[in-house]
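Below are some notes on backbone angles and aromatic contacts, for checking against the coordinates.

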Amino acid sequence: MRHLRRRLVVWMVLACAGVCQLSAQRGAVRGEAGAAEQLFAMGNQARAQAGAAPLAWDPALADAARKHCERMVAEGPIAHRYGGEPDLSERASLAGAHFGLIEENIAVGSYPAQIHESWMNSPGHRRNLLNPEVDHVGIAVIESRGSLYAVVDFETLVRALNAAQVESSVAKLIRMSGIAIRTDPRDARAACEMDHGVPGTLKGNQPGFVMRWQGADLEHLPQALVDRLGSRAYHLADVGSCKPRGEQTAFTQYRVAVLLY
């Protein structure tokens with residue numbers, strides 16, 4: 001059985017020095033939304049120069065960033081988490097974001113270009129911004145006391161799918177090996193709920209191989225299953241999905257069982 005790789009949230013803190021009035025000479029833009037748009041554009045420009053794909057906007061992630069930015073303004077000193085506040089993954093999940101990896105940059109500075117440049121000059125922040133694994137972003141900027149408070153949340157987006165959609169995605173990959181798929185997933189769904197063995201309700205022929213795994217990737221099958229499919233020892237597969245297990249409930253994951261006959 002393939003083990004789930006847990007992804008660590010990379011937390012970085014940046015305090016951009018200097019409090020001054022925004023000025024056109026320093027690349028200021030009008031309004032908080034304009035400042036967020038400028039950070040978004042500069043970030044994607046930097047990714048293009050580094051050979052990384054551009055980030056798409058996730059409104060749910062932007063909502064999570066906004067709530068934390070409001071808390072930063074209220075607190076004064078910036079931080080990734082304050083007393084009584086959920087951590088990054090929890091607040092992003094509560095806002096409706098679905099992800100397998102999440103990272104965050106925060107700052108307080110004088111204008112967007114200064115914040116972006118400071119992130120690019122900080123190894124940890126630069127690594128978050130240019131990470132080729134992330135594909136979506138949410139940004140919030142609030143102007144307060146003559147400064148800009150900024151929160152940028154990056155994620156690897158995971159589609160929110162129901163059990164039937166997960167099963168369909170896995171079945172499509174299995175069919176590429178020339179193996180037929182059973183139309184009734186109830187046995188595989190029951191096996192998915194188990195840690196090992198097969199359901200006691202299983203009648204008739206018993207599966208020759210059972211594979212269970214959990215993760216966010218529905219574009220690739222576990223290598224152990226790929227090897228079995230390539231053995232030509234099987235002609236039929238039963239695919240079932242169930243509720244994922246584990247403590248990282250904020251991260252979007254799928255749990256799948258495949259029975260080969």
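**Notes on loops and ring pairs**

1. Arginine 145 sits in the loop between β4 (136-144) and β5 (147-157); helices (H or I, at least four residues) and strands (E, at least two) are DSSP runs, numbered from the N terminus. The phi of arginine 145 is near 55°, a positive value in a residue other than glycine. Arginine 145 is exposed, at a relative accessible area of 54% (buried is under 20%, exposed over 50%, partly exposed in between; 1.4 Å probe, protein chains only).

2. This is a predicted model, in which local features need pLDDT of at least 70, side-chain atom pairs count only at pLDDT 80 or more, and totals for chains, interfaces and linings use all residues. Residues are numbered from 1 along each chain as its sequence is written, and side-chain values use heavy atoms, with hydrogens and water left out.

3. Arginine 232 belongs to the loop between α8 (223-230) and β8 (236-242). Its phi is near 60°, again positive in a residue other than glycine, and arginine 232 is exposed, with a relative accessible area of 76%.

4. How many aromatic pairs does a search of the whole structure find? There are 2 (rings of Phe, Tyr and Trp, the last by its six-membered ring, with centres within 6.5 Å; planes under 30 degrees apart are stacked, over 60 edge-to-face, the rest tilted). Phenylalanine 40 and tryptophan 57 form an edge-to-face pair, 5.4 Å centre to centre with 85° between the planes. Phenylalanine 40 lies in helix α1 (residues 31-50) and tryptophan 57 in strand β2 (residues 56-57), so the pair ties together parts 17 residues apart in sequence.

5. The rings of phenylalanine 99 and phenylalanine 251 are also paired edge-to-face, because their centres are 5.2 Å apart and their planes at 75°. Both residues, phenylalanine 99 and phenylalanine 251, are buried.
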